[in-house]
Amino acid sequence: MYEFFKEQLDTKVQNHNLRTLKEYCPIDAVRVKRDNKEYLMMASNNYLGLTFDSRVIEGAVKGAQQYGTGSGGSRLVSGTFPLFTDLENELAKFKNTEKALVFNTGYMANVGTISAIADKNTIIFSDALNHASIIDGCRLSRGAVKAYSHCDVEELKYLLKQVDRNARKLIVTDGVFSMDGDIAPLDKLYELSRDYNALLMVDDAHATGTIGNGHGTAAYFNLEKEIDIQLGTLSKSLGSVGGYVASNSTIIDYLVNTSRSFIFSTALSPADIGAALAALQVLETDTSVLGRLQENVNYMTDQLISMGINATNETPIFPILIGSNEDTLAVSEYLYEAGIIGTAIRPPTVPIGESRIRLTVTAAHNKEQIDYVCHTLHKAMKTVK
């Protein structure tokens, strides 16, 4: 009765596309240990390096000490403890919106928001490279989805022209695209949303803490008060776990009453919320953290370019395009043997033929580590050419 599943797994092995879990023991924000060997982590979204920050750890400990280890139920059933209120108020201020709502993960925030605000009578315009959680939210909404080519504003404009102006419409995009590291043209998307009477939603999972002085894509384009829905995570730059949506009071109140992934989920633990709240305070008050991140991004960009490897300093994400699954795995394994974790990203995460090593740099890396990674990567890429 399991033969079908085994055949599917065998196919993945043949296509060099099988995923496996590896156990690592974190040492600090950028180093992990496996089988008594130390590795440099270059695949984390811990962009500000806050997972081992003493202030964030203290926030988690205080949350657990004051409110216990678990929430005990969903917020509509068991209630909301004060830390949630504090965090949502701070997130609303951070995003310059009226309200914010915390979800258990960024994935659940996307799925729960899109499937709540869109229905079978809604037309959704989605960037072709949007995150899987956006795609799944669109599917669950049962709305008509029209995908436009990556960041192609003219194609989006053409698609918008084809539909009734009075129809319910939603434009949704990543702010910073997780596998390419580029930034959505949110200013132009905003203009189209107003011209064609559409809601505009941006997923700032990889933009919070990295662009717009840390405030994300809307802030990057000076549109904080203009974007209808700003979504983000607590689990990347903020070093905790969870997701959030920031918007006006009407949208947030509507989500509280209709978003299934919010309504039917046990709330996050007090430690998670305490850590996220502390990390948000660090981001807003300690400018040195953002400064170190941008300095490292600039340095790594310069190093890669000097070696003939394409790179930009827009974000901390460095997609190193290899091509085939087999070659990408070979480069990843070379890095691994050298004590560097640079994960091979393969379909369906990226298109066929565009497999890559996705490297990320954080505020916690130092220049010696960056030098070592860049030189080792350069050697690794030569082995597959």
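At what angle do helix H5 and helix H6 pack, and how far apart are their axes?

**Entry 1: ground rules.** I am working from a predicted model, in which local features need pLDDT of at least 70, side-chain atom pairs count only at pLDDT 80 or more, and totals for chains, interfaces and linings use all residues. Residues are numbered from 1 along each chain as its sequence is written, and side-chain values use heavy atoms, with hydrogens and water left out.

**Entry 2: H5 and H6.** I looked up H5 (residues 106-117) and H6 (residues 132-141) and found an angle of about 30°, with the axes 8 Å apart. Helices (H or I, at least four residues) and strands (E, at least two) are DSSP runs, numbered from the N terminus. Axes are lines fitted to C-alpha atoms, for helices over the stretch in contact, and angles run from 0 to 180 degrees between N-to-C directions. The angle makes H5 roughly parallel to H6 (under 35 degrees is roughly parallel, over 145 roughly antiparallel, 65 to 115 roughly perpendicular, the rest oblique).

I then listed the contact residues (contact means heavy atoms within 4.5 Å). H5 contributes Tyr 107, Asn 110, Val 111, Ile 114 and Ser 115, while H6 contributes Ser 133, Ile 134, Asp 136, Gly 137, Cys 138, Leu 140 and Ser 141.

Entry 3: Next I checked backbone angles in loops. Arg 142 lies in the loop between H6 and strand E6 (144-148). Its phi is positive, about 65°, although Arg 142 is not a glycine. Arg 142 counts as exposed, at 71% relative accessibility (buried means under 20% relative accessible area, exposed over 50%, partly exposed in between, with a 1.4 Å probe and protein chains only).

Asn 222 sits in the loop between helix H9 (217-220) and strand E9 (229-233). I noted a positive phi near 55° for Asn 222, which is a residue other than glycine. Asn 222 counts as exposed, at 70% relative accessibility.

**Entry 4: E9.** Is strand E9 enclosed or open to the outside? I found 5 of its 5 residues buried, so E9 is largely enclosed by the rest of the structure. Ile 229, Leu 231 and Thr 233 are buried on one side, and Gln 230 and Gly 232 on the other, which leaves both faces covered.

E9 pairs with strand E8 (residues 199-203) in the parallel sense over 3 bridges (two strands pair if DSSP finds at least two bridges between them). Val 202 has Gln 230 as its bridge partner in E9. Strand E10 (residues 243-247) runs antiparallel to E9 and is joined to it by 5 bridges. In E10, Tyr 244 stands opposite Gly 232.

**Entry 5: the E11-E14-E13 sheet.** I traced an open sheet of 3 strands in the order E11-E14-E13, with antiparallel pairing. Its edge strands are E11 (317-323) and E13 (344-345), each pairing on one side only. E11 is joined to E14 (residues 355-360) by 6 bridges, and Ile 317 has Thr 360 as its bridge partner in E14. Helix H13 (residues 287-306) packs on the sheet and touches E11 and E14, its direction making about 25° with that of E11.

In the loop between E13 and E14 I came to Pro 348. The peptide bond from Pro 347 to Pro 348 is cis, with omega near 10°.

**Entry 6: Leu 192.** Last, I looked at Leu 192 in helix H8 (residues 186-195). Leu 192 is buried, with a relative accessible area of 6%. Not counting residues up to four places away in sequence, Leu 192 touches Val 153, Leu 156, Lys 157 and Leu 160.
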